[in-house]
Amino acid sequence: MNLPRVLRTAFLAVCAADLIALLADVDVAHTVLKPLLMPVLLAYAVASGGPRLLYGALLFGWGGDVLLLFDQDAAFLAGMGSFAAGHVCYLILFRRQGAPLPRGSMLGVVYCVVLTTTVASLWPDLPAGMRVPVAVYSVLLTCMAFGAARLGPVAGVGGALFLLSDSLIAMGVADWPALPQSDFWVMLTYVAAQFLLVQGALGERRAPWAAYRDMRAETRRSPL
């Protein structure tokens, strides 16, 4: 049995079920399914032999997922803090495992423009107590999105989608006009982001049990 493949399929199945629940406006199902997403993705990362910092990022993501289920300012700030800790894990991982990005790259310029424009646009409409936390979080999130490109295009797209997902949430906090089915789009971009970041972090890593299986198979084929 290919355990990573089974767990990856399970994650995609939970994602699909949660997104369908959002489209169908079944809040109970979403409340049950959302906290399952990151644990299943974490199990996939562990089975695939991923780095420990990736586990930390996903655990903090799970904490943020659970806290954001509560419709309270304190829970929102705590959830944002949990996601921020996850971004720190990702940033350290990108620095250790990724390739250096060229200085002055256009990607960095684009992210700087996006950050400045987003914070400046949202600032007047954010609740007073949310302005500084959202601005600080936005800086950290943008750094994570930019740093994800160190692992290649797959993780780079994941970082960009994470930025998009959280920007949609911030627009809701600022009480801007929402997209139709906005919760669906927030979750779709979020789960896609986390999955692509995991894929980028795993790279060519293989689960230890898979390497052992291949070694045993090679031994059996070898002549005595």
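How much space lies in the largest pocket? The answer is about 930 Å³. A pocket here is an open set of points on a 1 Å grid over the protein atoms alone, where a 1.4 Å probe fits, with protein on both sides within 12 Å along at least five of seven lines. Points are joined across faces, edges and corners, and the volume is the space filled by probe spheres set on them.

The model is predicted: local features need pLDDT of at least 70, side-chain atom pairs count only at pLDDT 80 or more, and totals for chains, interfaces and linings use all residues. Residues are numbered from 1 along each chain as its sequence is written, and side-chain values use heavy atoms, leaving out hydrogens and water.

I turn to the lining. It comprises 39 residues, each having an atom within 4 Å of a point. Lys34, Leu68, Ile169, Asp183 and Val186 lie nearest the pocket centre. Helix α7 supplies the largest share, eight residues; helices are DSSP runs (H or I, at least four residues), numbered from the N terminus.

Next, helix α5. Its 17 residues, 106-122, reach 24 Å from first C-alpha to last, close to the 24 Å expected at 1.5 Å a residue, taken as 1.5 Å times one less than the number of residues. Gly108, Tyr111, Leu115 and Leu122 of α5 are buried (under 20% relative accessible area, 1.4 Å probe, protein chains only). They share one side of α5 because they cover an arc of only 90° around the axis, taken from the directions from the axis to the C-beta atoms. Met106, Thr116 and Ala120, on the other side, are exposed (over 50%). The buried residues of α5 pack against α6 and α7, with contact meaning heavy atoms within 4.5 Å.

How values were computed:
Helix = DSSP H or I, 4+ residues; strand = E, 2+ residues; numbered from the N terminus.
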